[in-house]
Amino acid sequence: MKVSIVIPVYNVALYVEDCLKSVLAQTYDDLEVVIVNDCTPDGSMELVRRVLGDSKIKREVQILEHDCNKGLSAARNTGLAHCTGEYVFFLDSDDEITPDCIEILVKEGVGSRRPDMVVGDYVVRNSTDFFPPLKMPTTFLQDKEDIVRTYMEEKVYVMAWNKLVRKDFITGNGLFFREGLIHEDCLWSFQCTCAASSVAIVKHPTYIYKVRANSIKSSTKQAKDVHALKEVLSGMVQYAAYCTLEHNRHVFSFIEEEKLRLLYACRNYGYDRISFAREVYDWFSSLPGPGLIRIFLWDVLKTRYCVRDAHYFLPAALRVAYYWSLPEYLAHRSRHGYKFRFYFWFFSSLIRRAFFPSSVTLPEAATE
């Protein structure tokens, strides 16, 4: 069974040598290496050609050239369009894979079952920041509800790399990367999960994620970041509806958490908070949802979710103010912290509304 490793290349002269050597050293033989030159301005491609020329290990290699810089998503899509393997593996050119990476994912994940996706574990280098771990043991999921719940409960990371994905699953479901979008992995992984009918988890570290200060994620401008998060969220809502999962409680909860991520970004990036809070909330309110009865039944036994989704049940005059304050409420990890902050805000707002109607706007902390 042939596996195609797709490697976009752009401004990675310090890393691409080690990346490519880790691919050439794979213990799995039936490999195709697809390198996409995204019009890199540095010497990355010269290093690629030198490594390929000097290597005693010969692999089937395609080098594809963009005539202008199109971004990571476009480079991955170009690789997808030209690769010939039954499974595709995305590798960022500033990372590495372990020598037995593909062999382990094929042997323990694919076997005779041919799942839509195989997910391996990874390790992080050059950073002490938190990165979402793989929280699942080695297992095989073929129940749709199990697949959706596993991903939506964030037991599987969102990054596109370190996953063997069946090529006809990608092409048959139109699961190409949205071009020109930051956080494209978040949307793509969500869509893959919604479309998948079988997923294999391999609890073995097969990927080495190397964090660098000038990576795409680290250098993202704030306004562009907020716009991208909004586009990702909109894409998730649309795709959930396309897959008839808009009334799935796990999908609903995941999308609500994505809304909070966008809210955190808006708050942290110093927008005009009063007007922007209303704008964001109005947009959230325009997105289709499962209805108040379902939300109530899903949340009633989970305090954090009750606090997170209480705005749906508040009087219209209080919804925006409450939602803008959610980061402070949810920062209190204990159940008592959630409840105290919510009850204090709610009853003080009601009292102020009864005696001083004009004073009920956004909380002071949100209007600085």
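Residues are numbered from 1 along each chain as its sequence is written, and side-chain values use heavy atoms, with hydrogens and water left out. Since the model is predicted, local features need pLDDT of at least 70 and side-chain atom pairs count only at pLDDT 80 or more, while totals for chains, interfaces and linings use all residues.

The protein has 15 helices and nine strands, where helices (H or I, at least four residues) and strands (E, at least two) are DSSP runs numbered from the N terminus. Of its 368 residues, 53% count as buried; buried means under 20% relative accessible area, exposed means over 50%, and partly exposed lies in between, with a 1.4 Å probe and protein chains only. The accessible surface of the protein comes to about 17,300 Å², and 54% of this belongs to carbon and sulfur atoms, the areas coming from the Shrake-Rupley method with a 1.4 Å probe and, for residues, only the protein chains shown counting as cover. Among contacts (heavy atoms within 4.5 Å) in the protein with a separation of 6 or more, residues 24 or more positions apart account for 80%.

In soluble globular proteins, nonpolar side chains tend to be buried together. A nonpolar core is here a set of buried Ala, Val, Leu, Ile, Met, Phe, Trp, Tyr and Cys residues joined through side-chain atoms within 4.5 Å. The largest such core holds 114 residues, of which F89 and F190 touch the most other members. Helix 8 (residues 222-242) supplies the largest share of this core, namely nine residues. Leaving aside neighbours within four places in sequence, F190 is in contact with Y151, M152, M236, A240, V251, F254 and I255.

The aromatic rings can be taken next. Rings of Phe, Tyr and Trp (its six-membered ring) pair if their centres lie within 6.5 Å, with planes under 30 degrees apart counting as stacked, over 60 as edge-to-face and the rest as tilted. A search of the whole structure finds 18 aromatic pairs. In one of them, the rings of Y157 and W161 have their centres 5.6 Å apart and their planes at 35°, so this pair is tilted. Y157 is buried, with a relative accessible area of 0%, and W161 also counts as buried, at 2% relative accessibility. The rings of F190 and F254, by contrast, have centres 5.8 Å apart and planes at 25°, so they are stacked. This pair links distant parts of the chain, since F190 is in helix 7 (residues 184-195) and F254 is in helix 9, 64 residues apart; both F190 and F254 are buried. Y157 and W161 also belong to one aromatic cluster with F89, Y122, F131, Y207 and Y209.

Some charged side chains lie over rings, which is counted if NZ of Lys or CZ of Arg is within 6 Å of the ring centre and within 35 degrees of the ring normal. R76 lies over the face of F90, at 5.8 Å from the ring centre, and K230 lies over the face of W283, at 4.9 Å from the ring centre. Another lysine, K259, is found in helix 9 (residues 249-268) and is buried, with a relative accessible area of 6%. Apart from its neighbours within four places in sequence, K259 is in contact with L233, F284, L287, Y312 and Y323.

Which charged groups meet in salt bridges? A salt bridge is a side-chain nitrogen of Lys or Arg within 4 Å of a carboxyl oxygen of Asp or Glu, and a search of the whole structure finds 21 of them. R50 forms one with E17, the closest N and O atoms being 2.6 Å apart. This pair links helix 2 (residues 44-54), which holds R50, with helix 1 (residues 16-24), which holds E17, across 33 residues. R50 counts as partly exposed at 41% relative accessibility, and E17 is partly exposed at 22%. D121 forms a salt bridge with K203, with the closest N and O atoms 3.0 Å apart. Because D121 lies in strand 6 (residues 117-125) and K203 in strand 9 (residues 199-210), the pair ties together parts that are 82 residues apart in sequence. D121 is buried, with a relative accessible area of 12%, whereas K203 is partly exposed, at 38%. Finally, R76, D92, E184 and D185 are linked in a network of salt bridges.
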